[in-house]
Number of protein chains: 2
Amino acid sequence: MKVLIIGGGGLVGQKLAKSLASRGELRGQSIDTLVLADVVDPAQVDAPFAVETATCDIADPASVSSVIDAETDVIYLLAAIVSGQAEEDLDLGYKINMMGTMNVLERCRELGTKPVVVFTSSIAVYGGEVADPIIDDTFLNPQTSYGAQKAIGELLLNDYSRKGIVDGRGFRLPTISVRPGKPNRAASSFMSSIIREPLNGQEAVCPVDPSFAHFYLSPRKCIENLIKGAEIPEEDLGQNRCMMMPGRTWTIGEIVEALRNVCGPEPEKLIRWEEQPDILAIVRGWRYDIQPSKALKLGLTADESFEDNIRYYLEDDKPAA
Amino acid sequence: MKVLIIGGGGLVGQKLAKSLASRGELRGQSIDTLVLADVVDPAQVDAPFAVETATCDIADPASVSSVIDAETDVIYLLAAIVSGQAEEDLDLGYKINMMGTMNVLERCRELGTKPVVVFTSSIAVYGGEVADPIIDDTFLNPQTSYGAQKAIGELLLNDYSRKGIVDGRGFRLPTISVRPGKPNRAASSFMSSIIREPLNGQEAVCPVDPSFAHFYLSPRKCIENLIKGAEIPEEDLGQNRCMMMPGRTWTIGEIVEALRNVCGPEPEKLIRWEEQPDILAIVRGWRYDIQPSKALKLGLTADESFEDNIRYYLEDDKPAA
C-alpha cells in the first residue's frame, strides 16, 4: 500500500507519518511507501518502509500529478492556507483551498483508480445564523473565507465520491490543543499557549476570561481519528462523507483546573490574565456546542478529560528541559 | 440604474426582463439600461428604457468583463448548466456553475463597485442524510453535481458578500410549474406537461401516481420573488444571504383536482397514467417537506393554490388556439 500525505510537513502531517511508521499498516494492508509532500520539502520520518519526501504546490495540476500516481492507495489532503492568511489573501485562499482540492480530485479522476481521500475540514465551517447545538444536520454558514473554502472542499469531496472518482472522507477538526511548538498569530494560539508555555517555564497571556468555552481535541486523538477515518468501510459512510471530528467542550477555567490536577499549583502562576478585545472579537463567534454523532457512531473518539490532553503533551511533545 | 440579466435568454430571464420593462424601476430607481446576456444572443424585449442584448460565456473572464461594467447596479445571475447535463458532463458543470459564478464575483471585485447580485440556487441543494422538514438551518447534502455546484455558488456568494465585494442574495428555486413551452428531457418535465399539454388539446404522460408530492412555484410568483429579492434591504439579510424561495407542496392528485376546478372535467382525460421507473427513481429522491421561513419573513411569497398556478399559465403563457 502506498500512502501520500499532502501537507506532510505540518504538525498533523508529521505526527500522522510517525504514527503510520509505528503501525506499519493501514486499512489492513502493510505500507510499502509513504510519500510526504508539502510546499517546502518535509522533514524525513524513520519508518520500516520507504519514505519519500517531495515538494508539491497543489495549486498547480502538474505538481499534483507528480505526487499522485496509479499506485497511490490513500491520500491524506491536509494542506491548506490557514484562516488568518486566507482572510487576508483572498486569491491565495481560493487558489489553494478550493482549486488545490479540485486539482487533487481531478488527478484522481484522470487516473481512474478511486483512491481513499481523507480530507481535513474545520470547525470553521460553522458559524452565522444556525441554532445550537450544532448537529450532523446543521447548515454550514462559515464567517471566514477559510471556512467557506473548507465547506466547498466538502461539497467537492462528496460529489467526486458520489461519482465513484474517489472514496472520500472529510473530518472537521476541532481546535487542536495542546499543540507543541511556539505561539503563532492564530487567534486560537492561546488555547495551547496557556498550558504549553507554563510547562516550559515561560509566561503566557490568556486574553479571555475563565468562562470562555470552546471545543478541543488533542493532537494524539486527532491522529488516531485520521487513521480510523481512512479505515471506515465505505458502505458505512452514507450520503454525506463529511462530518465533525469528535472533541469536547471545556471552559478555560476547566483547562486551568486540569493543569493544576496534572502538574500542581505552580505552572498556572505563569498565566497572565489580560483581556484582548481583538482576540475576543474573533473567538467569540466560534461555535462550541457541537454534537458529532455520526463520527462517534463510526468509532471516532474524543479525549476523556483535558487532563489527558495535558498528559499527551507531556508524553509526546514536551521538549526535554 | 443599469440591470444585467446573465441567462437573459431563458424562460426566467425573459419573463424577468418583461416584468422589469413593465415596472420601469427597481430598488426605487428608474431603470435606464437593461442588458440581457446569454450564451446565444437573447430575444429582444420591448421596454421604456434601453435594452441591449449580448452573448456572454461566463466560463470566460474576458467575456464576463464585457457585460459587467462600473455602471452595472444589479446583476441577476440565472445562467447555469442544468441538472441532467451537469450530471453527464462534469467538466462543463463545474466550468459554468462553479467557475462561472466565481468569474462574475471576481469581475465585481475588480471593479470595486459592490453591485447587488441575485443568484438563483435550486431545491437540488437538498438531499441525502437530512431529516424532514427542511428548514433554514438544514445542512445541504446535494445528490447531484448540479446541486453541489449550486451549493458552492451559495458559499461563494456569501463569502464575497461578507467581504463587501458584492451585495449578494441567493434564492433556491422550487420546481417551477406550470412552465410554458414544450416538454424537455428534465425528469421534472411532467410536472408542467400534465397541465400544459391537456390545456392545449394534447396528451401528456404522468409517470408517477397521484400521491407523489413535490414543492412548486408558478413562474409569475418566481419573477415577483426575484424582483423583491433584489429589493430586500441589505441589513435584513443577516449572515446567510441564501435561502429557499417560498413554494408549496402539492400531490399530483391535488394538481389534477386544481385542473378540474379551473377548467372542468375534460382536460384531465388527456393525462395518460403510465408509471416510468426511471423517472420515479430520480424524482423520488427529491425533497418537498420544506419550510422557507426566512424568505417568508423577508416578504417573498408562494402561490395560494395550484388553481392560481393554472390561472397564471392561462393568463401569461397559453398560446392562442
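Across the interface of domain 1 of chain A and domain 2 of chain A, seven residue pairs are in polar contact, both residues at pLDDT 80 or more. A polar contact is a pair of N or O atoms within 3.5 Å; within protein, one must be able to donate a hydrogen and the other to accept it, and residues adjacent in sequence count only if both atoms are side-chain atoms. This is a predicted model, in which local features need pLDDT of at least 70, side-chain atom pairs count only at pLDDT 80 or more, and totals for chains, interfaces and linings use all residues. Residues are numbered from 1 along each chain as its sequence is written, chains are lettered from A and ligands numbered from 1 in the order in which they are written, and side-chain values use heavy atoms, with hydrogens and water left out.

**Domains of chain A**

- Domain 1 of chain A comprises 2-174 + 217-244, and domain 2 comprises 190-215 + 248-289 + 303-316; the bounds come from an automatic or database domain assignment.
- The C-alpha centres of domain 1 and domain 2 of chain A are 28 Å apart.
- Domain 1 of chain A gives 16 residues to the contact and domain 2 of chain A gives nine residues, where contact means heavy atoms within 4.5 Å.
- About 1200 Å² is buried between domain 1 and domain 2 of chain A, 48% of it on carbon and sulfur atoms; buried area is the accessible area (1.4 Å probe) that two parts lose on being put together, summed over both.
- Three salt bridges are found across the interface of domain 1 and domain 2 of chain A, a salt bridge being a side-chain nitrogen of Lys or Arg within 4 Å of a carboxyl oxygen of Asp or Glu.
- A:Arg220 and A:Asp316 form a salt bridge through their side chains, at 3.0 Å from N to O.

**Backbone geometry**

- Most residues other than glycine have a negative phi, and most peptide bonds are trans.
- The peptide bond between A:Ser177 and A:Val178 is cis, with omega about 10 degrees.
- A:Val178 sits in the loop between strand S9 (175-176) and helix H6 (190-199) of chain A; helices (H or I, at least four residues) and strands (E, at least two) are DSSP runs, numbered from the N terminus.
- B:Asp132 and B:Pro133 are also joined by a cis peptide bond, with omega about -5 degrees.
- B:Pro133 lies in the loop between strand S7 (116-122) and helix H5 (145-162) of chain B.
- B:Arg27, not a glycine, has a positive phi of about 55 degrees, and B:Arg27 is in the loop between strand S2 (25-26) and strand S3 (29-30) of chain B.
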